[in-house]
Amino acid sequence: MKQLILLVIVLTVAGRHMDAFAEIIRLNSIADIWLSDATLSERDSSAGKNSCFKLKSIQEMGAIRFDVTPVKGKKIESAKLYLRIKGRDMLRHIRVSTISQSWEEGTARWAYSRGNGATFNHANAADKKPWAFPGSQFCDVIMGNGNTITTYDEIKRIGSDWLSIDLTHEIVYAMVTNSTDGLAVMDGGTILLFNNFVYSSDKNNSEPYIEVEVADLIDKTPAIPEVKAIPAYEHANIETGSIIISVNEKPDVFCWNIKLNGEPVDRWKIPFPRAIQKTGLEQEHLSARSATKDPINFILRDLIPEKEYQLEVVAINYLGTTSSPTIVHVKASPERKGTPKALP
């Protein structure tokens, strides 16, 4: 009996010792933007250097960029996003996603300033850089659109003015692998369209941050991707051609980088592996992932009809290590002839 009690004590102390020395890393926010879809004029406004931003239903939201350098080369065990509330709020849930386009913070200090940096309509107001396709908006590259991954959580109150939400491992890995430019943050559903304000990265001692619990992970160079590409006439339009790309999925691959004739393909055009596309708690843990036998297929459109292209695909693992490239040559389809029919 005494031996059993002693064993319990030893295990308990050991567990506390391990917890006490668990490595917790803080990721500081380094930039953010306040975006609004509430009115026509607000869609062209900026507030990149304001001390706060608003979370209001689907109307107003923020994008936050973090310095993830401290967790590169580490296995993510858990992650939490921390936000500090300004004033009264009615938040209950928060939605978070990757952003599949790079953006400019700008220098606008006042809410709803004239476009300077990113706006809801443009990733950069100065040169009218689109978020994705012509006429696209911020909503087209977040929350599952534009090949983004998402999560959501009920908030946890910390004291009188801080809150936290759990993030999936994949959300952090997306930042580590440069598969996203920061994170989009939205109200997960507040009654009466309440104006919830949170402090931004420009408010000292109140900036958003992420706490990550990490462990060492043995790095391994990903296998060279298996790639096929063929013309895709059914996805062409009356002026341009297209191709369909098939890539075999591997368990250790987090994402792919693609170049076409030496030029990087925009992130919003490239899907993540299927396991990573799942939302929130549906996502598979790194150690439980397995590859599917079926390749993942996606389309590259708006190409010069019948032109031969060099396609270069690189696999990237969770730590950001890249494989050797696979290079294939493919000819774009002809443009569609006659009156195009609506696709099913």
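Strand E11 (residues 183-187) is largely enclosed by the rest of the structure, because 5 of its 5 residues are buried. Buried denotes under 20% relative accessible area, exposed over 50%, and partly exposed the range in between, with a 1.4 Å probe and protein chains only. Leu-183, Val-185 and Asp-187 are buried on one side of E11, and Ala-184 and Met-186 are buried on the other, leaving both faces covered.

## Model and confidence

The structure is a predicted model, in which local features need pLDDT of at least 70 and side-chain atom pairs count only at pLDDT 80 or more, while totals for chains, interfaces and linings use all residues. Residues are numbered from 1 along each chain as its sequence is written, and side-chain values use heavy atoms, with hydrogens and water left out.

The average pLDDT of the chain is 89, and 87% of the residues score at least 70; pLDDT is the predictor's confidence in each residue, from 0 to 100. Over residues 4-20, pLDDT stays under 50, and the model has 0 contacts beyond four places in sequence for this segment. A contact requires heavy atoms within 4.5 Å.

## Overall architecture

The chain contains 3 helices and 20 strands. Of its 344 residues, 48% are buried. Among contacts between residues at least 6 apart in sequence, 76% join residues at least 24 apart. The chain exposes about 17,300 Å², of which carbon and sulfur atoms supply 52%; accessible areas come from the Shrake-Rupley method with a 1.4 Å probe, and for residues only the protein chains shown count as cover.

An open sheet is formed by 4 strands in the order E17-E16-E19-E20, with antiparallel pairing. Its edge strands, E17 (263-264) and E20 (326-331), each pair on one side only. Strand E16 (residues 253-260) and strand E19 (residues 308-317) run antiparallel and are joined by 7 bridges; Val-253 has Asn-317 of E19 as its bridge partner.

The largest nonpolar core has 41 residues, of which Val-71, Leu-81, Leu-167, Ile-210 and Phe-254 touch the most other members. Helix H2 (residues 169-176) contributes the largest share of this core, 6 residues. A nonpolar core is a set of buried Ala, Val, Leu, Ile, Met, Phe, Trp, Tyr and Cys residues joined through side-chain atoms within 4.5 Å. Not counting residues up to four places away in sequence, Leu-167 touches Ala-79, Lys-80, Leu-81, Val-96, Thr-151, Leu-183 and Ile-210. Another core, of 22 residues, lies apart from the largest one and includes Ile-243, Ile-270, Leu-300 and Leu-303.

Helix H2 is mostly covered, with 8 of its 8 residues buried. Among them are His-169 and Glu-170 as well as Ile-171, Val-172 and Tyr-173.

## Asparagines with positive phi

Most residues other than glycine have a negative phi. Asn-178 follows H2 and lies in the loop between H2 and E11; its phi is positive, at about 60°, although it is not a glycine. Asn-178 is exposed, with a relative accessible area of 60%.

Asn-147 also has a positive phi, of about 55°, without being a glycine. Asn-147 is found in the loop between strand E7 (113-114) and strand E8 (150-154). With a relative accessible area of 27%, Asn-147 is partly exposed.

Ser-46 is found in strand E2 (residues 45-46) and counts as buried because its relative accessibility is 1%. The side chain of Ser-46 reaches the backbone nitrogen of Asn-116 at 2.9 Å and the backbone oxygen of Ala-118 at 2.9 Å. Leaving aside neighbours within four places in sequence, the contacts of Ser-46 include Ala-108, Trp-110, Tyr-112, Arg-114 and Thr-119.

How values were computed:
Helices (H or I, at least four residues) and strands (E, at least two) are DSSP runs, numbered from the N terminus. A polar contact is a pair of N or O atoms within 3.5 Å; within protein, one must be able to donate a hydrogen and the other to accept it, and residues adjacent in sequence count only if both atoms are side-chain atoms. Two strands pair if DSSP finds at least two bridges between them.
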